[in-house]
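Here is a short briefing on one protein model. Please look at the structure first, then read the notes below it.

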Amino acid sequence: MKTLDKAVRIDAWLWGVRAFKTRSAATAACRAGHVKLNDRPAKAAAVVVPGDTIRIRESGFERILEVRQLIVKRVGAQAAASCYTDHTPARPKAPALMVPVRDRGTGRPTKRDRRELERLRRELGG
């Protein structure tokens, strides 16, 4: 893995550590304001140095990465993980839903069965 002593563009670094599948996707995320460098919106050409904190918003959640090592080229997942420290909080678990299950081979629900299922769903808040 080739490391550098100087600064690297944020879009290249995010692509190199596999935060995005393509460099253009990393650039687009920066342009859209989904990437922050040290709590400030980052342009794609922003320079990262070891010790910087990068926040990436994706799927309604935020990933928090601390730069430990600079890389220019895309590397394997194991090598990429050594280039940053992940400070992302754990995502909250979705509550398990109780889904009524009908016995196999009983056919379509009758009108009475359907009304009971609807009543049960209303009681559960669904």
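Glu 62 is partly exposed, because its relative accessible area is 36%; the term covers the range between buried (under 20% relative accessible area) and exposed (over 50%), with a 1.4 Å probe and protein chains only. The model is predicted, so local features need pLDDT of at least 70 and side-chain atom pairs count only at pLDDT 80 or more, while totals for chains, interfaces and linings use all residues. Residues are numbered from 1 along each chain as its sequence is written, and side-chain values use heavy atoms, with hydrogens and water left out.

**Salt bridges**

- Side chains of opposite charge can pair when their charged atoms come close.
- A salt bridge here is a side-chain nitrogen of Lys or Arg within 4 Å of a carboxyl oxygen of Asp or Glu, and the count by this rule is 7.
- Glu 62 forms one of them with Arg 55, at 3.0 Å from N to O. Arg 55 is partly exposed, with 23% relative accessibility.
- Another salt bridge joins Arg 23 and Asp 11, at 3.5 Å from N to O. Arg 23 belongs to helix H2 (residues 23-31) and Asp 11 to helix H1 (residues 10-16), so this pair ties together parts that are 12 residues apart in sequence.
- Asp 11 is buried, with a relative accessible area of 2%, whereas Arg 23 is partly exposed at 36% relative accessibility.
- Glu 118 and Arg 114 also meet in a salt bridge, at 3.2 Å from N to O. Both residues lie in helix H4, 4 residues apart, which is about one turn of the helix.
- Glu 118 is partly exposed, with a relative accessible area of 34%, and Arg 114 is partly exposed with 38%.
- Salt bridges with shared partners join Arg 9, Asp 11 and Arg 23 into one network.

**Two further residues**

- Is Leu 117 buried or exposed? Leu 117 counts as buried, because its relative accessibility is 18%.
- Leu 117 is placed in helix H4 (residues 111-124).
- Arg 18 lies in the loop between H1 and H2 and is partly exposed, at 41% relative accessibility.
- Leaving aside neighbours within four places in sequence, Arg 18 is in contact (heavy atoms within 4.5 Å) with Arg 74, Val 75, Gly 76, Ala 77 and Ala 80.
- The C-alpha atoms of Arg 18 and Ala 80 are separated by 6.8 Å, although the residues are 62 apart along the chain.

**The whole protein**

- The protein has 4 helices and 7 strands. Helices (H or I, at least four residues) and strands (E, at least two) are DSSP runs, numbered from the N terminus.
- From the N terminus on, the order of elements is β-α-α-β-β-β-β-β-α-β-α.
- The radius of gyration is 23 Å, well over the 14 Å that the globule rule gives for 126 residues, so the protein is more spread out than a compact globule. This radius is taken over C-alpha atoms, and the globule rule is 2.2 Å times the number of residues to the power 0.38.
- Along the principal axes, the C-alpha atoms fill a box of roughly 70 × 30 × 25 Å.
- Of the 126 residues, 27% are buried.
- Among contacts with a separation of 6 or more, 48% are between residues 24 or more positions apart.
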